[in-house]
Amino acid sequence: MRLAASLARRVARLADRRQRSTSQSRSGRHYAGDFVGTPPISYEPVTDNLADPGEVVWTWVPYEEDHRRGKDRPVLVIGRRRGLLLALQLTSKDHDHDAADEARRGRYWVDVGAGEWDRQRRPSEARVDRVLQLDPARVRRIGAVLPRHVFDRVAEQVRQHT
């Protein structure tokens, strides 16, 4: 009986430890912070299973107001720095109707169109004033390559708003 109880406590402790470690890695504690300044931007998509600049990938993105929380979403990789990916969050929410309000809050969005990163093929927008620094190991999947002319239009806006 004692052996069973002892074993049950060990299993519970291990499960608790595993749960805490998962929430810590998902919580953003390991997030390097937003990039400050104008980022190095490049277009280098490669057909492989690694995230490259010019590709839309899925990963966990921390909320701006609390890096410990966030959600899984598509991002556009725009460059690399010190082993991290530099990326812009994408959304299917249309910010054209509230662009003035968003700009007052320092948020700027650029249309990137629809792509394979969204199952419903909804038009997306990239937020160009906030550059994320993401661990490439946390990329869940590669969604698509953004056409060069669209990438260049986004890069121009990033340079203007960072």
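Is Ser124 buried or exposed in the predicted model? Ser124 is buried, because its relative accessible area is 3% and buried residues are those under 20%. The residue belongs to strand β5, which spans residues 124-127. Beyond its neighbours within four places in sequence, Ser124 contacts Thr91, Ser92, Val110, Asp111, Val112, Gly113 and Trp117.

Strand β2 (residues 70-81) runs antiparallel to strand β1 (residues 55-62), and seven bridges join the two. Within this pairing, Trp58 is placed opposite Pro74 of β2. Strand β2 also pairs with strand β3 (residues 84-91), again in the antiparallel sense, over six bridges. Here Leu76 has Leu88 in β3 as its bridge partner. The hairpin of β2 and β3 has two residues between the strands, and Arg82 in this hairpin adopts a positive phi near 50°.

The count of salt bridges is twelve. One of them links Glu44 to Arg80, with 3.6 Å between the closest N and O atoms. Glu44 is in the loop between α1 (2-27) and β1, whereas Arg80 is in strand β2, so this pair ties together parts 36 residues apart in sequence. Both partners are partly exposed, with relative accessibility of 38% for Glu44 and 40% for Arg80.

Arg68 and Asp66 form another salt bridge, their closest N and O atoms lying 3.1 Å apart. Arg68 is exposed at 55% relative accessibility, while Asp66 is buried at 18%. A salt bridge also connects the side chains of Arg105 and Asp101, at 2.9 Å from N to O. Arg105 is exposed at 53%, and Asp101 is partly exposed at 28%. Through shared partners, salt bridges join Glu44, Asp52 and Arg80 into one network.

Notes. Residues are numbered from 1 along each chain as its sequence is written. This is a predicted model: local features need pLDDT of at least 70, side-chain atom pairs count only at pLDDT 80 or more; totals for chains, interfaces and linings use all residues. Side-chain values use heavy atoms; hydrogens and water are left out. Helices (H or I, at least four residues) and strands (E, at least two) are DSSP runs, numbered from the N terminus. Buried means under 20% relative accessible area, exposed over 50%, partly exposed in between (1.4 Å probe, protein chains only). Contact means heavy atoms within 4.5 Å. Two strands pair if DSSP finds at least two bridges between them. A salt bridge is a side-chain nitrogen of Lys or Arg within 4 Å of a carboxyl oxygen of Asp or Glu.
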